[in-house]
Amino acid sequence: MKKYENTGSKDTRSGFGEGMTELGQKNENVVALCADLIGSLKFDDFKKNHPERFFQIGIAEANMIGIAAGLTIGGKIPFTGTFANFSTGRVYDQIRQSVAYSDKNVKICASHAGLTLGEDGATHQILEDIGLMKMLPGMTVINTCDYNQTKAATIALAEHHGPAYLRFGRPVVPNFTPADEPFVIGKAIMLNEGTDVTIIATGHLVWEALIAAEALEARGISAEVINIHTIKPLDEEAILKSVKKTGCVVTAEEHNIIGGLGESVSRTLVQNHLVPQEFVAVNDSFGESGTPDQLMEKYKLNNQAIVEAVEKVLKRK
């Protein structure tokens, strides 16, 4: 098994901030809009270095989306930034009408996604945002796993034409993907080849999947681990190639079991190659306040839960 090392834990939102800093230097059409969360979204350097291309909209997220859509008409590439809850649920109508329906080149960038914003509380959490965004025609949906991948995805989105949703988080997490690894929208990344079970993970659960694979290897179970950073368009080719070899799959995500990665994988399997599947996800409930570790354990979003799901799915092969 290939060993991935934590080169120094960082928060994924800082990867977004670094990506924006680099984009500010290399692409004069990139503009940034923020809903009164400059520090939380790590917009500080972009604002300092490019004040004429930074727009502080205030706590007016719907207005922010409308302004972003308008800026695209003049050839600008707007990146909007606020918490995932406010980036999607609060402004869904504006995104649907002004961005998706109108096919505007807006990059909706969302920090504090899932449960791991923790102490900010349940009202600020959102576990249905991937589902909301992937249902919009033409919307690209990306959910990154660490600092390096978030930075790379941010930079890649500037070259991608069309509406996109970039989802990342608040907490410090292991940074394990290579800094120079190319980020190709819609292309999964094989992290570990295996023969007994396919583990398909996204976001913060990718690292947990790698830990689970090591534990399974010690038990004589060979797990193939795939990092799905792009939920839509989904890399169906990579998924089908893997499950045809292993014969079963576990999906893992920090999202509601309804509407997320797991359901997208299920649709692919039903339409092409049906195999047993188990889900590691929040089981149709809201979150609550607590530390990220406490919440991930309570809602069974960790490596132990992935191991248990693998043991379950193997009995169904």
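Cysteine 109 counts as buried, because its relative accessibility is 0%. Buried here means under 20% relative accessible area, exposed over 50% and partly exposed in between, with a 1.4 Å probe and protein chains only. Cysteine 145 also counts as buried, because its relative accessibility is 3%.

The model is predicted: local features need pLDDT of at least 70, side-chain atom pairs count only at pLDDT 80 or more, and totals for chains, interfaces and linings use all residues. Residues are numbered from 1 along each chain as its sequence is written, and side-chain values use heavy atoms, with hydrogens and water left out.

**Cysteines**

How many disulfides does the rule give? The count comes to 0. A disulfide is a pair of cysteine sulfur atoms within 2.5 Å.

**Strands around cysteine 109**

Cysteine 109 belongs to strand β5 (residues 107–111). Helices (H or I, at least four residues) and strands (E, at least two) are DSSP runs, numbered from the N terminus. In β5, 5 of 5 residues are buried. Lys107, Cys109 and Ser111 point one way from the strand, and Ile108 and Ala110 point the other way.

β5 pairs with two strands listed here, β4 and β7. Two strands pair if DSSP finds at least two bridges between them. With β4 (residues 77–83), the sense is parallel and there are 5 bridges. Threonine 82 stands opposite alanine 110 in that pairing. With β7, the sense is again parallel, over 4 bridges. Here isoleucine 108 stands opposite tyrosine 165, and alanine 110 has arginine 167 as its bridge partner.

β7 covers residues 164–167. Ala164 and Leu166 point one way, Tyr165 and Arg167 the other, and all are buried. β7 also pairs with β6 (residues 140–143), in the parallel sense over 4 bridges. Threonine 140 stands opposite alanine 164 there.

A UniProt record (unreviewed entry) places the feature "domain: Transketolase-like pyrimidine-binding" at residues 10–175. UniProt positions are given in the numbering used here, feature names are shortened, and annotations may be inferred rather than shown by experiment. The end C-alpha atoms of residues 10–175 lie 6 Å apart. The span is 42% helix and 19% strand.

On a 1 Å grid over the protein atoms alone, a cavity is a set of points where a 1.4 Å probe fits but cannot get out; a pocket is an open set with protein on both sides within 12 Å along at least five of seven lines; lining residues have an atom within 4 Å of a point. Grid points are joined across faces, edges and corners, and a volume is the space filled by probe spheres set on the points. The structure holds 2 cavities of 30 Å³ or more.

| Space | Volume | Lining by class |
|---|---|---|
| Largest cavity | about 70 Å³ | 2 nonpolar, 7 polar, 2 charged residues |
| Second largest cavity | about 60 Å³ | 5 nonpolar, 3 polar, 1 charged residues |
| Largest pocket | about 310 Å³ | 10 nonpolar, 5 polar, 3 charged residues |

In these classes, Ala, Val, Leu, Ile, Met, Phe, Trp, Tyr, Cys and Pro count as nonpolar, Asp, Glu, Lys and Arg as charged, and the others, Gly among them, as polar.

The largest pocket has about 310 Å³ of space. It is lined by 18 residues, and the closest to its centre are Thr116, Val173, Glu208, Asp293 and Met296. β8 (172–173), α9 (205–218) and α12 (292–298) each give two or more residues to this lining. Which element gives the most to the lining of the largest pocket? α12 does, with 4 residues.

Thr116 also lines the largest cavity. The lining of the second largest cavity includes Asn148, Gln149, Thr177, Glu181 and Phe183. Its largest share, 3 residues, comes from helix α8 (residues 147–159).

**Threonine 268**

Threonine 268 sits in helix α11 (residues 261–272). It counts as buried because its relative accessibility is 0%. Glutamate 237 is 31 residues away along the chain, and the two C-alpha atoms are separated by 9.6 Å.
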